Amino acid sequence: MLVKLRDEFPENCHLAFADDITLMGPTDKVNEAFERCVELLRGVGLEVNRQKSLSWDGTVVEAESNGMKLLGAAVGCEAFVRASCRTTCADYTAIVPRLTE
């Protein structure tokens, strides 16, 4: 599938790890590639969960965030990244005491 996307949308960068797929490039081409990706995945019996999919071009500011998580890493403006790191640290800090149980 990634080879087909690369061949059809050479101006984009297409990355995948397990079930996470990242499409980067000009917004119009990424949107086209996303729809093609949905079509290709459907062809092998898989469905894209559109509620878990997002598009961020670096200029769009959503009310709740200025970034996104990419393979578990915060990517975006400094405030978003710092807030994400604080949340992650708090989550792990809460878990550590339970490790000795």
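His 14 sits in strand E1, which spans residues 13–17; strands here are DSSP runs of E with at least two residues, helices are runs of H or I with at least four, and both are numbered from the N terminus. This is a predicted model, in which local features need pLDDT of at least 70, side-chain atom pairs count only at pLDDT 80 or more, and totals for chains, interfaces and linings use all residues. Residues are numbered from 1 along each chain as its sequence is written, and side-chain values use heavy atoms, with hydrogens and water left out.

- His 14 counts as buried because its relative accessible area is 13%, and buried means under 20% (exposed is over 50%, partly exposed in between; 1.4 Å probe, protein chains only).
- Beyond its neighbours within four places in sequence, His 14 is in contact (heavy atoms within 4.5 Å) with Leu 2, Leu 5, Arg 6, Phe 9, Thr 22, Leu 23 and Ala 33.
- Phe 9, with neighbours within four places likewise set aside, is in contact with His 14, Lys 29, Glu 32, Ala 33 and Arg 36.

**The nonpolar core**
- Eight residues form the largest nonpolar core: Leu 5, Phe 9, Leu 23, Val 30, Ala 33, Cys 37, Leu 40 and Leu 41.
- H2 gives the most to this core, five residues.
- Such a core is a set of buried Ala, Val, Leu, Ile, Met, Phe, Trp, Tyr and Cys residues joined through side-chain atoms within 4.5 Å.

**The largest pocket**
- The largest pocket holds about 1100 Å³ of space.
- A pocket is an open set of points on a 1 Å grid over the protein atoms alone, where a 1.4 Å probe fits, with protein on both sides within 12 Å along at least five of seven lines; lining residues have an atom within 4 Å of a point.
- Grid points are joined across faces, edges and corners, and the volume is the space filled by probe spheres set on them.
- Its lining has 31 residues, and those closest to the centre are Ile 21, Thr 22, Lys 52, Ser 53 and Leu 54.
- H2 supplies the largest share of that lining, with seven residues.
- Strand E2 (20–24), helix H2 (27–43) and strand E3 (67–70) each contribute at least two lining residues.

**The chain as a whole**
- The chain has three helices and four strands, running α-β-β-α-β-β-α from the N terminus on.
- Of its 101 residues, 17% count as buried.
- Among contacts with a separation of 6 or more, 21% join residues 24 or more positions apart.
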